[in-house]
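New notebook page today. I want to go through this chain piece by piece and jot down what I look up.

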Amino acid sequence: MEKIGDIQNRLKQAIQRDDPDQLLDFILRYKSDDRAGVQKLIKRANKAEIAWHKEEERIQKLRFFEDKYKEDYHHIAGIDEVGRGPLAGPVMTCAVILPEGYHLHGINDSKKLSEKKREELFLSLQRDAVSFHVGVNSPERIDEINILQATYEAMRMSIDGLNPQADLLLIDAVHIPEVTIPEVSIIKGDAKSISIGAASILAKVTRDHYMEEMDAKYPEYHFRENKGYGTKDHIDALRKYGPCPIHRRSFITHFI
């Protein structure tokens, strides 16, 4: 008779593969095993299968805008930004074109995801995307032209870096000036469009990695933890040590 530990490992592998057919096969294979430990695993498998279908339904809804426009446009790009509010570091934007019908479970507004989940999705999106490009604007540029214009400029960089070029842009809540490609602005788009959600993840993880590198260079500001945002520890360090080269001078006038 198969050991319960081995059966548990089978279930763990089925859940990790995110495959409902494997979960169903597991349930059918072991449902007649009346050991209490196995029956607990069956209940867990049932819950995992239900959760898979619920997530699949959510992803289907998340594809609403992509499906709405796919007959008229072949390269639909989602665009989002990260880093408008921090006291330090660049603003980053991402434009991403996903394969038609793309169904990666877990995609959502990056702020709603754990760091571990963002990192997992980041790797999958880098591998699967038809094209993506991250636009970066420096603290100096932010100080020069203001954060809104710097964000628009970074968005245009993201769009220009796509290959193939987008023929429709889905954007979270804004309209990008000086762009000739048709745009659709979607309020809370990173939670309503799979493409914008993907762009949100790619932009945030890229910026988080950068700020972690800056933490090694300027450890006194705790950039690994705060990512440049105005936490108490960050502001205390700013007052104690003054600004470092990646601080936005126009953002810190209240603190120094």
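Below are my entries, from the whole chain down to single residues.

**Ground rules**

I'm looking at a predicted model, so I note that local features need pLDDT of at least 70 and side-chain atom pairs count only at pLDDT 80 or more, while totals for chains, interfaces and linings use all residues. Residues are numbered from 1 along each chain as its sequence is written, and side-chain values use heavy atoms, with hydrogens and water left out.

**Whole chain**

I looked up the helices and strands, and the chain has ten helices and five strands. Both are DSSP runs numbered from the N terminus: helices are H or I with at least four residues, strands are E with at least two. The C-alpha trace spans about 70 × 50 × 25 Å along its principal axes.

Next I checked burial: 49% of the 256 residues count as buried. Buried means under 20% relative accessible area, exposed means over 50%, and partly exposed is in between (1.4 Å probe, protein chains only).

Then contacts, meaning heavy atoms within 4.5 Å. Among contacts with a separation of 6 or more, 64% are between residues 24 or more positions apart.

**The sheet**

In what order do the five strands sit in the sheet? I read E3-E2-E1-E4-E5, in an open sheet with mixed pairing. Strands E3 (131-137) and E5 (183-186) are at the edges with a single partner strand each, so one side of each has no neighbour in the sheet. From one strand to the next, the twist averages 20°. Two strands count as a pair if DSSP finds at least two bridges between them.

I zoomed in on one pair: E4 (residues 168-172) and E5 run in the parallel sense, over four bridges. In that pair, leucine 169 stands opposite glutamate 183 of E5.

**Helices on the sheet**

Helix H7 (residues 147-160) packs on the sheet and touches E1 (76-82), E2 (91-97), E3 and E4. Its direction makes about 150° with that of E3. Helix H8 (residues 194-217) lies across E1, E2, E3, E4 and E5, and runs at about 40° to E1. For angles like these, axes are lines fitted to C-alpha atoms (for helices over the stretch in contact), and the angle runs from 0 to 180 degrees between N-to-C directions.

I picked out serine 158 in H7. Is serine 158 buried or exposed? Serine 158 counts as buried, because its relative accessibility is 0%. Its side chain makes a polar contact with the side chain of threonine 93, at 2.6 Å. A polar contact is a pair of N or O atoms within 3.5 Å; within protein, one must be able to donate a hydrogen and the other to accept it, and residues adjacent in sequence count only if both atoms are side-chain atoms. Leaving out residues up to four places away in sequence, the residues that serine 158 touches include Cys94, His133 and Gly135.

I looked at H1 (residues 4-16) and H2 (residues 20-30): their axes come within 9 Å and cross at roughly 160°. H1 and H2 are therefore roughly antiparallel. The cut-offs: under 35 degrees is roughly parallel, over 145 roughly antiparallel, 65 to 115 roughly perpendicular, and the rest oblique. Among the residues making the contact are Ile7 and Leu11 of H1 and Leu23 and Phe26 of H2.

H2 also packs against H3 (residues 36-62), at about 155° with the axes 9 Å apart. That pair is therefore roughly antiparallel too. Leu24 and Ile27 are among the H2 residues there, and Leu41 and Trp52 among those in H3.

Leucine 24 counts as partly exposed because its relative accessibility is 37%. I also compared leucine 24 with proline 219: they are 195 residues apart in sequence and 50 Å apart in space, C-alpha to C-alpha.

Most residues other than glycine have a negative phi, and most peptide bonds are trans. I found a cis peptide bond from asparagine 163 to proline 164, with omega near 10°. Proline 164 is in the loop between H7 and E4.

Asparagine 146 has a positive phi, near 85°, and is in the loop between H6 (139-145) and H7. Histidine 222 also has a positive phi, about 60°, and belongs to the loop between H8 and H9 (223-226).
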